[in-house]
Amino acid sequence: MDIRGINSLVLAYLGDAVYEEKIRLYLLSKGINKVNLLQQVAINYVSAKRQAYFLSVLLERKFFNEEEISLIKRARNAKSHNAPKGCDIITYKKATGLEAVIGYFKLTGQEEKINKLIEIIVEV
């Protein structure tokens, strides 16, 4: 499969699912076992605003290589539907960039990179 030929929004679609699963597993590992509480705490990680923030932290720490940064930029610039309620379009597009690179890591079998990314996010 040629990853470069896959639409960046499709990568973001996959990355969103991968990211959500990793965050949920992390929260369960912390002993949170009530669904309502899980949902409340998960928002601190999975909202577009927080994802945009985490992307900026990862970029600051030079977590990504040039190819990955290029993919993030491509995803940020992709034409997408309106941002969700309570989120401006710039923030939403940054979150999309993070999700796209996670989707890319998943499709290229870079589980360790995903795990390291999540490790950094939960430490922030």
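Axes, as the word is used in these legends, are lines fitted to C-alpha atoms, for helices over the stretch in contact, with angles running from 0 to 180 degrees between N-to-C directions. The model shown in every view is a predicted one.

**View A. The crossing of helix 3 and helix 5.** In this close-up the axes of helix 3 and helix 5 come within 8 Å and cross at roughly 65°, and the crossing in which helix 3 passes helix 5 is left-handed. On the side of helix 3, the residues that take part are A48, K49, Q51, A52, F54, L55 and L58, and they meet T91, Y92, K94, A95, L98 and E99 of helix 5.

**View B. F64 and L117 in the largest nonpolar core.** The largest nonpolar core has 32 residues, and among these F64 and L117 touch the most other members. At least two residues of this core come from each of helix 1 (8-29), helix 2 (35-46), helix 3 (48-60), helix 4 (66-77), helix 5 (89-107) and helix 6 (111-123). In soluble globular proteins, nonpolar side chains tend to be buried together.

**View C. The surroundings of F64.** When neighbours within four places in sequence are left aside, F64 is in contact with L55, L58, L59, I69, I72, V101, F105 and L117.

**View D. K116 in helix 6.** K116, which lies in helix 6, has a relative accessible area of 39% and is therefore classed as partly exposed. Between the C-alpha atoms of K116 and V101, residues that lie 15 apart along the chain, the separation is 13 Å.

How values were computed:
Residues are numbered from 1 along each chain as its sequence is written. This is a predicted model: local features need pLDDT of at least 70, side-chain atom pairs count only at pLDDT 80 or more; totals for chains, interfaces and linings use all residues. Side-chain values use heavy atoms; hydrogens and water are left out. A nonpolar core is a set of buried Ala, Val, Leu, Ile, Met, Phe, Trp, Tyr and Cys residues joined through side-chain atoms within 4.5 Å. Buried means under 20% relative accessible area, exposed over 50%, partly exposed in between (1.4 Å probe, protein chains only). Helices (H or I, at least four residues) and strands (E, at least two) are DSSP runs, numbered from the N terminus. Contact means heavy atoms within 4.5 Å. A crossing is left-handed if the near helix is turned anticlockwise from the far one by less than a right angle, and right-handed if clockwise.
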